[in-house]
Amino acid sequence: MAWRLGVDSGGTFCDICLYDTESKRFAIWKVSSTPDDPSRGILTGITEGLKTVSAETSDISFLGHGTTVGTNALIQHKGALTGFITTDGFRDLLEIGRQQRPSLYDTQEDKPETLVAQALRFEVPERVRHDGTVEVALDEESVRDAARALKKASVKAVAIGFLYAFIKPEHERRAYEIVREEFPEAFTCASYQVAPEFREYERFSTTAVNAYLGPVMEVYIARLGARLLELGLSVAPRITQSNGGVISFDLARALPVRTVLSGPSTGVVAAQAIGRVIGIPNIITFDMGGTSTDVALLKDGTCRLTGEAEVHGYPVKAPMLDIHTVGAGGGSLAYRDNGGLLKVGPQSCGAFPGPVCYDQGNLTPSTTDANVALQTLNPEFLLGGRMAIRRDLTMERIGLLAGELGMDVMATAQGIISVVTANMARAVRVISVQKGHDPRDYALMALGGAGPLHAVRLAQELDMKRVIIPLTPGVMCALGLLLTDLRADFSSTQIMVAHPGMYTDIVSIFRDLLKQANHWFAQENVREEDRGLRMSADMRYVGQNYELAVDMPVSIDAMNDGSVTDMVRSFIATHEAQYGFASQTDPVQFVTFRIEATGKVEKAAFTAHPDAGPDAQSAITGARDVWFPETEGFVSCPIYERSLLRSGNEVAGPAIIEQMDATTVLPPGTRAIVEPHLNLIVETGR
């Protein structure tokens, strides 16, 4: 046997997906996360998961890992004490930013905390002009003084960012060498290594985030790597990037900023693969975990890739899937605010102590507790019987909250669900309605352990007609690790106006990027036949402030003047599609050139099953009373075991479908059909 393993470590659970490349068999497993040392939970999950399929560590042919360690450190401001060395006169750029308030009409909202304190930001004499000429040579002694001062201040990381280093990186490169000489124990990075693109604030911010997360990820990767070696793993493990691809532990250690959306990105990759298989290309993914909910829009089977995004208030220039996150999860805490209204989240109870029903000391009810009270979730146990819970404690604490609100206990539990649903609906509108997409034209795909619990309610809130519940929704991010390729992105900003004869300049830029890509291929041991390249350029009209991506129409060797003309035409067409207008005469600029390098790996495959007819009676394992707002009371619902449902089976609501990794709720008036690959297609009645 040769098993491929996907491991997704979240804030509440660690998910394991196993795939046997010989028998094409899938298996899944879940264990509680261990926030004090995430590697401990991962090793427990891998060990127990292998036992369920009678496999050994030596049978593992691939191990991919998605993690929220970097994300959580950034959200909770638990990164390393960081210093910053920059061009004379630009010490406060990280703090000034773009002089924009986080919320235009909210004068009380605070800007995110600056990751590097002012006292730890040092200026050094140096200046490179926009054309690459050196106006002021680098004062190396000033760099040494700054490095020594930062060492005395006991910082753990140093970020270096100079003006126009993306054009001429020599000053940054030398400063990096000096800091390494003076302060070798610090995690050090320079902007030319992290984000060699224009816009100094975003470039400096990205470099600061990378340094801030560097020591945290170094400790985590070192600890996890050591545990995997002790386990006897013989293959090189991989970590997911925010762009949905995977990279080596060494590269993730050097560029942790590229893992800030490591966890949710592979869930989107898995959704893309399932959408292709079942023939539904337009999908909105809804990934609800214990701490947060991540949503993304897939048009024509593809999630948009962005080269720049704001992650928890900090601009990051790194390739990432366009995913929007809100603080609404199974662990989101419910409370009465100062105005006497019911609020839910963004505070979360996490994996420990967890919801009230875990009986680990938390006394504030959560979204999970509301579902236990309503009995949409099993009121006795979770994880297929492996985890006992206490509904009596849940009812007691929700009862106290109901008393504060002056409401009925069950109405309060349903109110928690309604508030969470409204929060998630707003997140979906951000990626759909606000970007010109009508959610009614899309199917909602539920991911995460809590996704299927809330998916149909959310779809009804948005007037969406169909919901897709994958076969293993609770471990979709782990599954996505078995469906993605190795991937790296390389870029170079060279601003130039499109004109005849310039194709030689473009070829030269792409050849330099190609050298970097080939070096990466060699580092990752990617065979020639498994290598893939996609070239593109960010373009704009002269005078515009933002760009649109345009694919290269031909290979480097085939470029000529006609290729440049084709790209300009493609940009104009893209501009027309994006904004509804385009100029045929205004000059067009090339801004940033990009190469996306991929290394193909063996992927998991989905198996189609023969139609077994609509009768699903054999999958019923019992019944329980469930509280629905439609009836304002409890209704007896059949309980279906997901693993017993067959292709073609139909289930009418009200009903509950249970499986080890998730629970699906079908309210009255809805109907689910099992498609050939055993995914559920729910008709919402809208």
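The model is predicted, so to speak of local features pLDDT must be at least 70, side-chain atom pairs count only at pLDDT 80 or more, and totals for chains, interfaces and linings use all residues. Residues are numbered from 1 along each chain as its sequence is written, and side-chain values use heavy atoms, leaving out hydrogens and water.

UniProt, in an unreviewed entry, lists residues 505-677 as "domain: Acetophenone carboxylase-like C-terminal"; such annotations may be inferred rather than shown by experiment. That span is 22% helix and 36% strand, and its end C-alpha atoms lie 49 Å apart. Helices (H or I, at least four residues) and strands (E, at least two) are DSSP runs numbered from the N terminus.

Now for the sheet. Four strands form an open sheet in the order β31-β32-β34-β35, with mixed pairing; two strands pair if DSSP finds at least two bridges between them. Its edge strands, tabled here, each pair on one side only.

| Edge strand | Residues |
|---|---|
| β31 | 620-628 |
| β35 | 662-666 |

β31 and β32 (residues 633-641) run antiparallel, joined by 8 bridges. R624 has C637 in β32 as its bridge partner.

On to the helices. The axes (lines fitted to C-alpha atoms over the stretch in contact, with angles from 0 to 180 degrees between N-to-C directions) of α4 (residues 140-152) and α5 (residues 170-182) come within 9 Å and cross at roughly 45°. Contact means heavy atoms within 4.5 Å; among the residues that meet are E140 and V143 in α4, and R174 and A175 in α5.
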